[in-house]
Amino acid sequence: KIKCLKEDRIYFIIEGNGKFIINDEEFKVSKQDLVFVPMNTPYDITGKMKYFLVCSPEFKVGDDEFLE
């Protein structure tokens, strides 16, 4: 489980299947799905997927808080 402290994240699923758990709510995802995770929101990703990630503002090492 992770929480990004200073950026919003958008995941575009390129291939595969999986699950996002955002604020303890589960979302099944597959090819061509888009997932938005606002900053300061705990989330987790499971499954086997290839995805494109957009971070706004830009990603900086140390901005993620690992929760478990």
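Predicted model: local features only at pLDDT ≥ 70, side-chain atom pairs only at ≥ 80, totals over all residues.

Reader: Ok! Where does L34 lie?

Author: L34 lies in strand β4. Strands here are DSSP runs of E with at least two residues, helices are runs of H or I with at least four residues, and both are numbered from the N terminus.

Reader: And which residues make the nonpolar surface patch?

Author: I10, F12, I14, L34, F36, F52 and V54 make a nonpolar patch of about 630 Å². The elements giving two or more residues to that patch are β2 (8–22), β4 (34–37) and β5 (43–56). Patch residues have over 30% relative accessible area and no salt bridge; nonpolar side chains (Val, Leu, Ile, Met, Phe, Trp, Tyr) are joined within 5 Å, and like charges within 9 Å. The areas come from the Shrake-Rupley method with a 1.4 Å probe, and for residues only the protein chains shown count as cover.

Reader: Which element gives the most to the nonpolar patch?

Author: That's β2, with three residues.

Reader: F12 was on your list. What is F12 in contact with?

Author: Leaving aside neighbours within four places in sequence, F12 is in contact with Q32, D33, L34, K50, Y51 and F52. Contact means heavy atoms within 4.5 Å. F12 lies in strand β2 and counts as partly exposed because its relative accessibility is 35%. F12 and K50 are 38 residues apart in sequence, and their C-alpha atoms are 8.7 Å apart in space.

Reader: New topic: is R9 buried or exposed?

Author: R9 is buried, because its relative accessible area is 4%. R9 is found in strand β2. Not counting residues up to four places away in sequence, R9 touches a list of residues including C4, F36, Y43, C55 and D64. With D64, R9 makes a side-chain to side-chain polar contact at 2.6 Å. A polar contact is a pair of N or O atoms within 3.5 Å; within protein, one must be able to donate a hydrogen and the other to accept it, and residues adjacent in sequence count only if both atoms are side-chain atoms.

Reader: What about charges then, how many salt bridges does the count come to?

Author: The count comes to five salt bridges, where a salt bridge is a side-chain nitrogen of Lys or Arg within 4 Å of a carboxyl oxygen of Asp or Glu. In general, side chains of opposite charge can pair when their charged atoms come close.

Reader: Which residue forms a salt bridge with D24?

Author: K1 does, with the closest N and O atoms 3.2 Å apart. This pair links distant parts of the chain, since D24 is in the loop between β2 and β3, K1 is in the segment before β1 (2–4), and they are 23 residues apart. D24 counts as exposed because its relative accessibility is 63%, while K1 is partly exposed at 26%. E26 and K19 also meet in a salt bridge, at 3.5 Å from N to O. Another joins K60 and E58, with closest N and O atoms 3.6 Å apart. Salt bridges with shared partners also join E7, R9 and D64 into one network.

Reader: Last one: which residues does the cis peptide bond join?

Author: S56 and P57, with omega at about -5 degrees. P57 is placed in the loop between β5 and β6 (64–66). For another backbone detail, N23 has a positive phi of about 50 degrees although it is not a glycine. N23 is found in the loop between β2 and β3 (25–30).

Conventions. Residues numbered from 1 in each chain as written. Heavy atoms only, no water. Buried < 20%, exposed > 50% of the residue type's maximum accessible area, 1.4 Å probe, protein only.
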